[in-house]
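Hello,

Here is the structure I promised to send over. Please have it open while you read; my notes follow below.

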Amino acid sequence: MVRKYETYTFSSNKFFADRGAEGIAQPLTQRVNPHSRPIVSYYFPEGVGEHHYGERHPMKPHRLSLTNALVMGYGIDKYIHNIYNPRPATRDELEVTTTRNISTFFPSTVTPGNQDEMKHLIDTFNCVEDCPIFADMFDFCKMYTGASLAGARKLSAGTTDTAINWSGGLHHAKRGEANGFCYINDAVLAILEMLKYHPRVLYIDIDIHHGDGVELAFYHSNRVMTVSFHKYTGDFFPGTGKLDDNGAGLGKHFCLNVPLQDGIDDDMYLTVFKTVIGDTVTHFQPTAIVLQCGADSLGLDRLGAFNLSIAAHGECVNYVRTFGVPLLVVGGGGYTVKNVSRCWAYETAVLVGADVPDTLPATIYDAFFADSGWKLHPPLTGKVDNLNSPAGLQRITVSIREKLRYLGGAPSVAMREIPPGLEEWLAAEDAAAEAEQDAEIDAPASARGGGRKRTAPNEFYEGDADVDGDEDGEDAPAQRAPTRRARGASRRGARRSSGRVTRGTKDDEEPEQTEDAAPVPASASAPPSSRAGRSRRGAARSRARPRAKDKEAVEQEPQEPEPEEAHEAPDGQEPSAPGTPAALEDPPPPPPPAGASSAPTPTELDVEL
């Protein structure tokens, strides 16, 4: 009886071809210490390699299945700390870098069955030829985008040091259109996610095509620096990325392009790469790096024209890894499936620090590698003439260094003042308090309190606060500082003083005197008709309660019976307070001048009535 699988294979093994003398690489057996650093996370969405762009389309998602098979076959998974099957991205997450129309157009509107009826929308969003409509197209976009976002979140959280997503890196998509086999730009979404935590992100692109989508997204930003190594002839897709494209606005000199010609070899490429990236990291000082590892820059690629080997491509990845900065590694282009899968499997080993043999392990995809003898590093160089000259590469390097000089240091860094010690801080506080007190003393009265304070008409003054000049009798000065009176006090004071005594309030304080105030004669302070009223106010003021500061002195003196009426005082003098000891009473008033009449004026009679 012949088993069914024996009729379809050329080996006694159920799944693998007979390699003969080539042998099979044995998988690694040593496992990584879970507490070792750096921590590497590997993202592979389940089923992402089962999608198909079309029969004759050069983009083959199947390359992801081959890559994953080689990684597991080599046993590199034992050196990886975390392996994830990430969730797909949501529509809200995709709309961060795409318009609402295109994100709605992808999942529910267009299908391969009705694409002829929706030709207008398909042309609007550039879903033609390079970006065809295929089954489950939107699911494919959500898978690879969700993996890049998950890696970016892990890096921002600090729970991983290196995140790998070979399904990502579709760097040509724009906000309003698909372009260059790319529908959603997962690299831009990942960078935006990382900018929530990291102040500066460096994007490095070693795809043979210019990373125009990422550069355009951050063309005006100084928090993201894009560096692209690509082929540029003017007509090679996408036709952008010349040496003079430097960014604009705040992003001036933050877009670096390294245009190369056909056939560049390993030595030239590595020299330029290490020189440019080393200077860029020194000047920009990124806190995170996104590395796009497009494998179409390898030799013998279906759409490429370089002469790079897998070892040189992996050396670029290893050089970026040595900076010790949080690193997100994504895929990108690459259209010779067998070489792309070998390259990314080798670079996975480089990122985890594992040494793998040149012989490929046994996988179900052995037939893809039979023509190269199941080798990890087949000869890929020397197939295209090298059009790059050392002088031309030197000119590019010098130009890049001149642009980096304009940075003047790492941008977007918050400047923080180092706080002083406690003693210096307390001394500064005391000095500030003293300065405020000096300023209040030197400030004019109008600035301190808004002018002179109001005083009640029955306020009692004695000693230095007595500004009426009647304490010393005839020897008292005949000058009096101007004081502000309440409205109507000259007329209503006599009437109010006869019936009650008003308590002093907060405003009943002595008026402030300034040196600038010119003395005014007492006779000029009030009209003649109000002299009698002032004498009556004096009597009421004498009955007022003594001030708090003189309360103890008054209580110590023997109390005398209060006379029924206060003695009237002549003009310009205050009457003596009732109950005051004889030693403190004022001298007897002088006789009134000849011809003076003691009869009240009509105005005063009206007030009394």
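Start with the two helices. From α9, the residues I310, A311, H313, G314, V317, N318 and R321 touch N339, R342, C343, Y346, E347, V350 and L351 of α10. Sorted by class, this α9–α10 contact holds seven nonpolar, four polar and three charged residues. Bear in mind that the model is predicted.

The geometry of the pair is as follows. Helix α9 covers residues 310-321 and helix α10 covers residues 337-352. Their axes lie 9 Å apart, at an angle of about 35 degrees. The crossing of α9 past α10 is right-handed.

Next, strand β8, residues 327-330. Which way do its side chains point? L327 and V329 point one way, L328 and V330 the other. All four are buried.

- β3 (residues 162-165) runs parallel to β8, joined by four bridges. Here T162 sits opposite L327.
- β7 (residues 288-292) also runs parallel to β8, again through four bridges. Here L291 has V329 as its bridge partner.

How does the chain get from β7 to β8? It goes through α9, in a right-handed β-α-β crossover. That links the two parts of this note: α9 is the helix of the crossover, and α9 also packs with α10.

Then go to α9 and its contact residues, including V317 and R321.

Best wishes

Methods: Residues are numbered from 1 along each chain as its sequence is written. This is a predicted model: local features need pLDDT of at least 70, side-chain atom pairs count only at pLDDT 80 or more; totals for chains, interfaces and linings use all residues. Side-chain values use heavy atoms; hydrogens and water are left out. Axes are lines fitted to C-alpha atoms, for helices over the stretch in contact, and angles run from 0 to 180 degrees between N-to-C directions. A crossing is left-handed if the near helix is turned anticlockwise from the far one by less than a right angle, and right-handed if clockwise. Contact means heavy atoms within 4.5 Å. Ala, Val, Leu, Ile, Met, Phe, Trp, Tyr, Cys and Pro count as nonpolar, Asp, Glu, Lys and Arg as charged, and the others, Gly among them, as polar. Buried means under 20% relative accessible area, exposed over 50%, partly exposed in between (1.4 Å probe, protein chains only). Two strands pair if DSSP finds at least two bridges between them. A crossover is right-handed if, with the strands pointing away from the viewer, the path from the first strand over the helix to the second runs clockwise.
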